Amino acid sequence: MLDKIKDFASWFFVTGDPLIYGADIAIALTTLAIVFVLTYFKKWNWLWREWLTTVDHKRVGIMYIIASLLMLFRGGVDALLMRTQLAFPDMKFLSPEHYNEVFTTHGVIMILFMAMPLMFGLFNIAVPLQLGARDVAFPFLNALSFWLFFMGAMLFNMSFVIGGSADSGWLAYPPLSELTGSPGVGQDFYIWGIQISGIGSLMTGINFIVTIVKMRAPGMTWSKVPMFTWSVLSSCITIIIAFPVLTVTLALLFLDRYLGAHFFTMDGGGNAMMYINLIWMWGHPEVYIVVLPAFGIYSEIVSTFSKKRLFGYGSMVFAMMSISVMSYFTWLHHFFTMGSGASVNTFFAITTMVIAIPTGVKIFNWLFTMYRGRITFSTPMLWTLAFIPCFVVGGMTGVMLSVAPADFQFHNSYFLIAHFHQVLIGGVAFGYFAGLYYWWPKMFGFKLNEKLGKWAFWIWNIGFYVCFMPQYFVGLDGMTRRVSTYGWDTGWWAMNFTSTIGGFLMGLGFLFQVWQIAHSIKFMEKDTTGDPWNGRTLEWSIPSPAPLYNFATTPMVTDRDDWWEEKERIAAGHKPKAKPELEPIHMPKNSAIPFLQSVCWFAVGFGLVFHWLWIAIPGFIGVFATMLAHSFNYNSDYYIPVDEIKRTEAAARRSV
């Protein structure tokens with residue numbers, strides 16, 4: 001009996017690697033610490049009531065952001081492990097197998113479990129407030145979306161201590177991801193972690209499209225919608241078309257692995273190249289899904305900190321919606337080398353060049369907005385300014401990669417790695433950092449420390465260029481990606497070592513951001529105005545942090561940048577807009593069903609990973625049971641009485 005338990009444990013748990021043992025200890029200690037704190041301070045009921053069952057879009061947004069920052073730490077550690085392995089030739093820090101696992105998890109975590117939830121968190125924080133709405137269109141669905149993302153992320157992250165991680169690359173190309181190439185359970189963790197979180201992402205896309213189309217404040221015509229909200233709309237349109245492709249692709253791969261189908265197995269009559277087409281039909285629009293909201297953030301920040309109306313509003317909207325559409329016609333530039341033929345390569349080379357045009361339009365719009373503006377160099381503006389040259393270089397190298405003959409040289413090299421990170425870190429991460437700093441006071445009622453924020457900014461940026469600029473040169477010199485070590489005879493060790501130093505500098509920048517948050521919580525610089533940046537849009541017209549109901553009375557919008565224009569009218573001696581009498585506010589009740597249903601989905605995924613139907617089937621039953629329970633729940637809303645609204649507003653206005 002004891003031998004059977006030992007055999008099971010050695011198969012079930014990942015063993016034999018000191019790094020994994022260290023992770024096991026860290027997970028156990030962290031779990032014990034959380035349980036101790038919640039028990040000692042008697043916060044279990046508070047956790048359940050205020051967070052696990054909430055449907056308030058602002059709290060859902062905060063949970064997204066916390067989860068994404070944890071995933072940034074995990075994905076960043078993976079990056080530093082790889083850079084350590086590559087620091088010197090013939091390093092033995094990571095075995096080739098472990099390197100492949102780290103490489104795979106780094107890509108998945110940074111794109112799907114860091115960038116996406118950070119984006120959704122900012123959606124939740126800002127969009128309803130910019131629209132003058134009291135919540136999103138479907139609050140219950142919003143909470144369910146978050147918990148599905150969270151459970152999918154947890155399922156995927158379990159694999160590095162239980163069962164073993166996927167090692168077929170972050171896009172899981174066959175035949176490496178088929179049973180012949182990945183006989184363990186790591187690839188199934190990959191499939192079901194992404195599938196479960198992907199369902200949540202698709203529901204978020206639907207939710208915010210409906211919110212933007214149907215819940216704008218009276219008077220907010222399409223020509224008065226804030227630019228960040230426009231960027232969210234363009235991103236969500238892309239989500240609802242692209243994510244079903246990912247869902248179907250991974251479902252077909254799972255059928256190959258679970259039922260012995262042959263959609264992508266060459267020896268069974270399948271076509272591995274079809275998988276690569278399908279995955280990039282999702283994968284390249286995904287790049288624009290995460291970068292479009294960053295463009296919206298830059299637009300808001302440039303306008304606010306230049307104290308000017310955004311230049312070229314109409315062209316910005318057109319550019320974003322054009323990118324949303326054109327993003328579906330560029331996927332094949334990821335494999336010009338597959339032999340599709342000159343005509344196919346020419347078409348996708350042209351579309352890749354064309355999609356750079358609307359991006360260039362936005363760069364000029366931001367520059368013209370800053371021209372002759374009274375610019376304030378606060379932390380959000382610094383991240384925005386750093387983005388512009390970084391993204392220009394990323395865009396130019398992207399156009400280089402769009403030249404099909406040249407791509408034969410660039411494609412599988414570190415030149416592509418440098419380009420990819422230049423766009424996704426310089427474009428996406430910088431944008432979301434800027435948005436996080438910008439809307440932080442609206443979330444929590446206090447500003448983040450500017451001095452520490454600027455230290456973090458400079459260390460991050462110096463580290464970024466030190467890390468990725470050398471990779472352009474070694475890539476052009478022939479250094480191929482996805483290899484765990486390179487010999488001394490290549491002459492690349494100096495560049496690799498320099499790149500590793502840059503990676504650790506970025507890690508230091510992240511630690512400064514953690515220090516900044518902790519310092520700001522302790523020495524709180526409270527926002528007593530509700531409008532710490534002298535903002536332009538409706539979210540800055542209410543107290544910080546925003547009340548549960550957001551707006552005591554629904555605002556009437558008369559101008560683009562309505563809050564800025566209202567302040568200008570008051571400063572000119574005009575009376576503020578008349579507000580209607582207070583009325584009871586209709587709000588959704590908290591619900592435990594989103595959390596419980598996501599737990600059931602986790603059970604489904606975990607059971608199917610190990611082919612344990614005794615876990616998967618009860619999980620499916622739980623999913624349908626919670627759906628049924630929700631469909632018969634008629635007590636899902638309530639009204640906040642006028643007296644309570646008056647008390648809340650009076651308390652908030654005293655602080656404002």
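Helix H7 (residues 186-214) and helix H19 (residues 593-609) have axes that come within 9 Å and cross at roughly 160°. That makes H7 roughly antiparallel to H19 (an angle over 145 degrees). The model is predicted: local features need pLDDT of at least 70, side-chain atom pairs count only at pLDDT 80 or more, and totals for chains, interfaces and linings use all residues. Residues are numbered from 1 along each chain as its sequence is written, and side-chain values use heavy atoms, with hydrogens and water left out.

- Helices are DSSP runs of H or I with at least four residues, and strands are runs of E with at least two, numbered from the N terminus.
- Axes are lines fitted to C-alpha atoms, for helices over the stretch in contact, and angles run from 0 to 180 degrees between N-to-C directions.
- The crossing of H7 and H19 is right-handed, a term for a near helix turned clockwise from the far one by less than a right angle.
- On the H7 side, Asp188, Phe189, Trp192, Ile196 and Ile199 are in contact (heavy atoms within 4.5 Å) with Trp601, Phe602, Gly605, Phe606, Leu608 and Val609 of H19.
- By class, this contact of H7 with H19 has nine nonpolar, one polar and one charged residues.

**Annotated span and domains**

- An unreviewed UniProt entry carries the annotation "domain: Cytochrome oxidase subunit I profile" for residues 40-558.
- Residues 40-558 are 68% helix and 1% strand, and their end C-alpha atoms lie 52 Å apart.
- The domain assignment gives domain 1 (1-42) and domain 2 (43-591 + 636-655).
- The centres of domain 1 and domain 2, taken over C-alpha atoms, are separated by 31 Å.
- Domain 1 contributes 14 residues to the contact and domain 2 contributes 13 residues.

Definitions and conventions: Angles under 35 degrees count as roughly parallel, over 145 as roughly antiparallel, 65 to 115 as roughly perpendicular and the rest as oblique. Ala, Val, Leu, Ile, Met, Phe, Trp, Tyr, Cys and Pro count as nonpolar, Asp, Glu, Lys and Arg as charged, and the others, Gly among them, as polar. UniProt positions are given in the numbering used here, feature names are shortened, and annotations may be inferred rather than shown by experiment. Domain bounds come from an automatic or database domain assignment.
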